[in-house]
Amino acid sequence: MKVLIVDDHATVRMGIRLVLQAAEDLEVVGEAADGRSAISMARALSPDVILMDLRMPVLDGIEATKALHGSCRVVVLTTFDDDQYLFGALQAGAHGFLLKSAEPQAIIMGVRAAGRGESVLDPQVTSRILARALAPEPGTAKLPDGLTGREREVLDGLAEGLSNPQLAQRLGIGQSTVKTHVSQVLAKLGVSTRLQAAKIAYAATSSPGRTGGPADPDRP
């Protein structure tokens, strides 16, 4: 799996490269220090996944992500103080985000997941992102009546940004069973990504008259 690293700090790029080089199935094909260079390199190298910083000179990560949307999978590399940039990147078509402070194995797993076509959502900030930037107005979504109790539990987990292994651990079931439930939930909601499903879950949970569901991320 080919990966392009985009960050204006050479030390960050070096650190991410060292992390990815530890995985035999991942190949760092290039590094870029700004969004404009990232676009050129992506078109020349055809990476499977781009790890994209947001605050960069010349062209920031949001505009670069927008330009690359549809041609490759962009995963944002972020820190907790990047909220507004992060919101913009997701709306520009990013497939998810990883924290720069994440454990090396988490970054490797995130890149692999993105390469498989999955959304990459770090649980530490997923609720904040969905609630403040992506969720529609209250009352604009309704969950289908056909969702089973187990599927509702899976959907709640998706709204929290849980991965399949984390869902399996929470629910006490196998990862293959989780994958089946996730596919059924997406089909019943009429969406194609976990992020879209989580968005609907928040909108439905915040609708008038509804109770339960994913917790309010701003509630202690």
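**Figure 1. Gly-96 in strand 5.** In this predicted model, Gly-96 belongs to strand 5, which covers residues 96–99. Gly-96 has a relative accessibility of 0% and counts as buried. Beyond its neighbours within four places in sequence, Gly-96 is in contact with Val-74, Val-75, Val-76, Leu-90, Val-120 and Leu-121. Leu-195 lies 99 residues away from Gly-96 along the chain, yet the C-alpha atoms of the two are separated by 8.2 Å.

Figure 2. The strands form an open sheet in the order 2-1-3-4-5-6, with parallel pairing. Strand 2 (27–32) and strand 6 (120–121) stand at the edges; each has a single partner strand, so one side of each is left without a neighbour in the sheet. Within the sheet, strand 3 (residues 49–52) and strand 4 (residues 73–78) run parallel and are joined by four bridges. Val-49 stands opposite Arg-73 of strand 4.

**Figure 3. Helix 2 against the sheet.** Helix 2, made up of residues 35–45, lies across strand 1 (2–6), strand 2 and strand 3. The helix runs at about 150° to strand 2.

**Figure 4. Arg-13 in helix 1.** Helix 1 spans residues 10–21 and includes Arg-13. The relative accessibility of Arg-13 is 14%, under the 20% limit, so this residue counts as buried. Leaving aside neighbours within four places in sequence, the residues in contact with Arg-13 are Ile-5, Asp-7, Asp-8, Glu-31, Ala-32 and Ala-33.

Figure 5. Helix 3 (residues 61–68) has as its buried residues Gly-61, Ile-62, Ala-64, Thr-65 and Leu-68. Viewed down the helix axis, these buried residues fall within an arc of 165°, so they line one face of helix 3. An α-helix has 3.6 residues a turn, so residues three or four places apart point the same way. At the N-terminal end, helix 3 is capped by Asp-60, with a side-chain oxygen 3.1 Å from the backbone nitrogen of Ile-62. Just after the helix, Gly-70 takes a positive phi of about 95°.

**Figure 6. The chain as a whole, for orientation.** The chain contains ten helices and six strands. It has 220 residues, of which 48% count as buried. Of the contacts between residues at least 6 apart in sequence, 64% join residues at least 24 apart. The accessible surface of the chain comes to about 10,500 Å², and carbon and sulfur atoms account for 50% of that surface.

How values were computed:
Residues are numbered from 1 along each chain as its sequence is written. This is a predicted model: local features need pLDDT of at least 70, side-chain atom pairs count only at pLDDT 80 or more; totals for chains, interfaces and linings use all residues. Side-chain values use heavy atoms; hydrogens and water are left out. Helices (H or I, at least four residues) and strands (E, at least two) are DSSP runs, numbered from the N terminus. Buried means under 20% relative accessible area, exposed over 50%, partly exposed in between (1.4 Å probe, protein chains only). Contact means heavy atoms within 4.5 Å. Accessible areas come from the Shrake-Rupley method with a 1.4 Å probe; for residues, only the protein chains shown count as cover. The arc is that of the directions from the helix axis to the C-beta atoms. A polar contact is a pair of N or O atoms within 3.5 Å; within protein, one must be able to donate a hydrogen and the other to accept it, and residues adjacent in sequence count only if both atoms are side-chain atoms. Two strands pair if DSSP finds at least two bridges between them. Axes are lines fitted to C-alpha atoms, for helices over the stretch in contact, and angles run from 0 to 180 degrees between N-to-C directions.
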